[in-house]
Amino acid sequence: MGIRFEQSNQTFYLSGKNMTYAFCIHKSGLLQQLYFGNRLGDDDLGHTVYKTIRGHATNLPYTDRNESLDEISCEFPMFGRSDFREGIFAFNANGVRVGDFKYDSHSITEDKPKAEGLPTLRGGETLCVVLKNELHSLAVKLYYTVYEELSAVARRMVVVNEGEGSVIIDRAYSFSVDLPRKDYQSITLPGAHLRERQMCRRDVTRGVFTADSKYGVSSAQMNPFMALVGKNTDECYGDAYGFNLIYSGNFALKTEMGQSGVVRVLGGINDFDFEWCLGAGESFSTPEVAMVYSPNGLGEMSRSFHDLYRDYLMPEAFTKKPRPVVLNNWEGTYFDFNEEKLCDIIRGASGTGIDMFVLDDGWFGERNGETAGLGDWFINMNKLPHGFDNIIKCAHENGMKFGLWFEPEMVNADSELYRAHPEWAIHVKGLQGCEGRVQFVLDYTLPQVREYIVESMSKVLSANEIDYVKWDMNRAITENYSEWLQDHGKEFNHRYVLGLYDVLDRITSRFPHILIEGCSSGGCRFDPAMLYYSPQIWTSDNSDAYARTAIQHGTSLCYPLSSMSCHVSASPNHQTGRITSLESRTAIAHLGATGYELDSTKLSAEELAHIKKDISDYREMQELVLLGDLYRLNDPLEENLFAQMVVAKDKSRAVITVMKPLHIGNTCPTVIYPCGLDENASYTIRECGITVSGRTIQNAGLLVSFPYGDFATTVYHLDIVK
Ligand code: DGJ
């Protein structure tokens, strides 16, 4: 049992493999946070509670004078009752914004209750603690699901209006955790289009630091992930706490160090441009947060997230099964294709082992460029006079399935859909809308828009043999409003996201056999909620092997390799102009759900033979990508080196991929220190022709030799000697 309530000290203990999370019912009735860290027994934790200095002489009314909420750690902290820091919840009941939420009851269930309208982790044993604010007839249900074999807890809350009138919610975060006084650093994943999720580490000091998105999507600019680590924490040693919101819209993650030096970390839906009117009897669910603790550095934290997402989040039908090796025509043709050209590309790759041809943007409506057609989800019969029939036939004859691109949330002004329903595009009456890539965003808060999209997509998906959908989303949201919301315009952003989940729920349940690849101009919406629907996401439009090392390194902090779609594209690279070898492009693209993004007819016979061999190598290592343990052997943002290692769960084999971006003449030797092997077993290293013990490789290191030139890559295969 991972959840236990100890009557004698009124304490809840939530325990996973290497983790305990504990809080108790304070004598005031509030919930007091006691501990989050390495696994403990069931000891009483009362002695760890600091008797406070009463932050400027304000204290909690129900207790003795030396208890101020400014220094007590609360499980549900709120402003206005002697806690002057950021809180988890803020409401407005006819102007009153202050109240106490006291323990009412709790229950522990074996099954995890479903969250309405929001993707969450699957799971079992769940604690629900009910808090009540009698004065304003508000109840809050705090849900905690424990993953005993992992070091993870999932947390979310539901606010219920039990009164007669409406209450405005100004903030409803998913979690708040106070961590003991220590020198913490935060790690976030900021970025931009083409340079997503660049790991960024900084000291946590006094004051508030916010990492957030206001883009309407979880965004390339900041991922909904934050870790708190000790100053000395590295990949293998030290405390690491990870928080990842299972949410695809505007979010905020904050740290605040208060007067006692305790660091509060909290977050959820961004309360900037947010408000929710909760009518009598209504409830509001927050997104879930996945919280992971590792006593053994960032590496173990990442591996816990990877296991958690593979076992409990990503769609079970696809997650652990071999993914198709994809050939996508986007960079090969852009909009300039016809049936013959597509069939040539398919035939060109025949026999290489590619098993999915994906037709990207440009097959529908009047879509011959960026300016028209979005929203018209019917085949452009001028461009493809036989529809998909011959293309699908050709794909099947050449051993490939067929996948199709959609951008279901968008509309071009030059489209039949917009001409018929201009009001379906997000807009503010009288204000010229901002265009992004010459397109507008459809108002997914409107049921009729969602209905149209589900039906028009379903028509295409049912009429053709389609096994894969690339779900794109190529701009941020502006003019964030929908007329029907009237005074409650600040509900727009969250309602958009709920609308998106509704459409995804309907499409995935109607077509359970279709693998959805998420995409948003590459990786502008790479978050756990999208992974709930799509087992893989196009990691970045930047397919340059070198640029990808930093992107994939950062992404791996919480997302498993198998969630990252990584393709080999042409050289010079279309985004960076960089020339890299096919070997290097392949090695980096093999660290994920792999594929090709090029025109196969332009490949030489040698290149095609190379690709055939690469795909068979990938098949050999794919199980590691899908199920293995990832070890980041160094930080490519700090050193002229990228090195990642994937080890089988049973430690029977491993693959190490190393890239030396710049070849600098006569430099020091490059030695890497592999991890995760069985120290007592012997391994052969295929490429070196040697056999050594795990202990020796891990301690004495592996001297890497690179081919001559820049962006050179070496891959080592390690096999246990039986
Ligand atoms: C952006 C995606 O990231 C690309 O891969 C491609 O699908 C284009 N959109 C198509 O418009």
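Ser137 has a relative accessible area of 27%, so it counts as partly exposed; buried means under 20% relative accessible area, exposed means over 50%, and partly exposed is what lies in between, with a 1.4 Å probe and protein chains only. This is a predicted model, in which local features need pLDDT of at least 70 and side-chain atom pairs count only at pLDDT 80 or more, while totals for chains, interfaces and linings use all residues. Residues are numbered from 1 along each chain as its sequence is written, and side-chain values use heavy atoms, with hydrogens and water left out.

Ser137 is found in the loop between strand E7 (126-133) and strand E8 (138-147), where helices (H or I, at least four residues) and strands (E, at least two) are DSSP runs numbered from the N terminus. Its backbone has a positive phi of about 50°, although Ser137 is not a glycine. Most residues other than glycine have a negative phi, and most peptide bonds are trans.

Gln486, in the loop between E26 and H7, has a positive phi of about 45° although it is not a glycine, and because its relative accessible area is 59%, Gln486 counts as exposed.

A polar atom of the Ser534 side chain lies 2.7 Å from the backbone oxygen of Met530. Leaving aside neighbours within four places in sequence, Ser534 is in contact (heavy atoms within 4.5 Å) with Pro315, Ile516, Glu517 and Gly518.

From the loops we can turn to a helix. Helix H6 (residues 447-463) has 17 residues and spans 24 Å from its first C-alpha to its last, close to the 24 Å expected at 1.5 Å a residue; the expected span is 1.5 Å times one less than the number of residues. Its buried residues are Val449, Arg450, Ile453, Val454, Ser456, Met457, Ser458, Val460 and Leu461. An α-helix has 3.6 residues a turn, so residues three or four places apart point the same way. What covers the buried residues of H6 includes strand E23 (401-406), strand E26 (468-471) and helix H7 (492-510).

The interior comes next. A nonpolar core is a set of buried Ala, Val, Leu, Ile, Met, Phe, Trp, Tyr and Cys residues joined through side-chain atoms within 4.5 Å. The largest such core has 180 residues, and those with the most contacts inside it are Phe89 and Trp363. Helix H7 gives the most to this core, with 8 residues. Apart from it lies another core, of 20 residues, among them Tyr631, Leu633, Tyr683 and Ile685. In soluble globular proteins, nonpolar side chains tend to be buried together.

Aromatic rings complete the picture. Rings of Phe, Tyr and Trp (its six-membered ring) pair if their centres lie within 6.5 Å, and planes under 30 degrees apart count as stacked, over 60 as edge-to-face and the rest as tilted. The whole structure holds 42 aromatic pairs. Because Tyr418 lies in helix H5 (residues 416-420) and Phe440 in strand E25 (residues 440-441), the pair ties together parts that are 22 residues apart in sequence. Tyr418 counts as partly exposed, at 23% relative accessibility, whereas Phe440 counts as buried, at 12%.

A ring can also carry a charge over it, that is, NZ of Lys or CZ of Arg within 6 Å of the ring centre and within 35 degrees of the ring normal. The charged end of Arg303 sits over the ring of Tyr631, 3.9 Å from its centre, and the charged end of Arg548 sits over the ring of Trp538, 4.8 Å from its centre.

Key: Polar contact = N/O pair within 3.5 Å; in protein donor to acceptor, adjacent residues only side chain to side chain.
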